[in-house]
Amino acid sequence: MNKFRFTMMALAIMAFTLMISSAAQAQATRTWVSGVGDDANPCSRTAPCKTFAGAISKTAAGGEIDALDPGGFGAVTITKSITIDACCMAGILASGTNGVTINDATNLAVVTLRHLSINGATTGLIGVRFLAGKSLNIENCQIFGFLAGAGTGIDIALAVSGNDVNISDTSIYNNSRGIRATTTTGFVTCNLDNVNISHHGTDGVKLEGGGFASFKDCVITFNTTGVNDTGGANSGANLIRTEVSHNPTGLAAGSSTCRIGGSTFFANGAAITIAGGAVKTAGDNYIDPPAAGLTPLPPQ
């Protein structure tokens, strides 16, 4: 009897070990997708998946999904830390829906999107929707064609404070609105470096309650309002070495404070408008036509 019990216990331990091992193997640190892949595959380099949604379930938290070719890999919802790197500008076609949704209930996920072409095909809703997570990084991407209603290239709508969004070397164009940033608690910081925001039917960038944006070496052109900071309290914008041109209104400052330095405003209907807040300037900007009501910063 004891020998039987020992044998059964050993078999149970072996089965449990195999189960844990299989679960560990089910999620890899790095997975791949290809236009000729199949979501039934293990998403390895030699047996890639077909879609980002198929690969994400087989990728461990903190892991990376890589594209082997410039295929179209479908919309995806992200609930954990992950990097999606489309080495050859792979695509997400999001007609009638959202392209990428980040919604991590723990608010700890760090998500990186790199080398993606996210196309709303004129009927898309939101290119990248950031609802919950610690940090979102968008690098070398193109986001366009989100024109359904208030279609938005990047929509940041958080319920916590202190999270950040970093966008670099990216073009956001031909959407109903370029970027919206807000949070119901505290603030969210958006850092934009070498970003082109152009050809939007409403705002290039809309900063609502708690939304703060810092622009460096950006171009904001051919929008109805280039940067609209009139949507709520505790928001604001810094523009450093940034071109704002060909907008009916270049910068619309509301009740908060905006700062500009080394930036160029030209061919706008109104370069800068101020409604209750302040726009502080370092005095090294080119503003044509001139804007009234600016607050000069003292030389340091």
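Predicted model: local features only at pLDDT ≥ 70, side-chain atom pairs only at ≥ 80, totals over all residues.
**Cysteines.** A search of the whole structure gave me one disulfide.

I then turned to Cys 218, which is buried at 2% relative accessibility. The closest cysteine sulfur to that of Cys 218 belongs to Cys 190 and lies 11 Å away, which is too far for a bond. For Cys 141 I wrote down a relative accessible area of 2%, which makes this residue buried because the cut-off is under 20%.

**Aromatic pairs.** My count of aromatic pairs came to two. One of them joins Phe 144 and Tyr 173, which are stacked at 5.1 Å centre to centre with 5° between the planes. This pair links distant parts of the chain, 29 residues apart, with Phe 144 in strand β9 (residues 142–144) and Tyr 173 in strand β11 (residues 163–173). I found Phe 144 buried, with a relative accessible area of 17%, whereas Tyr 173 is partly exposed at 26% relative accessibility.

**Thr 183.** I located Thr 183 in strand β12 (residues 177–183), where it counts as buried at 7% relative accessibility. A polar atom of the Thr 183 side chain lies 3.2 Å from the backbone oxygen of Leu 158. Leaving out residues up to four places away in sequence, I listed the residues that Thr 183 touches, including Ala 159, Val 160, Val 188 and Gly 209.

Technical notes: Residues numbered from 1 in each chain as written. Heavy atoms only, no water. Helix = DSSP H or I, 4+ residues; strand = E, 2+ residues; numbered from the N terminus. Buried < 20%, exposed > 50% of the residue type's maximum accessible area, 1.4 Å probe, protein only. Polar contact = N/O pair within 3.5 Å; in protein donor to acceptor, adjacent residues only side chain to side chain. Contact = heavy atoms within 4.5 Å. Phe/Tyr/Trp six-rings, centres within 6.5 Å; stacked < 30°, edge-to-face > 60°. Disulfide = S-S within 2.5 Å.
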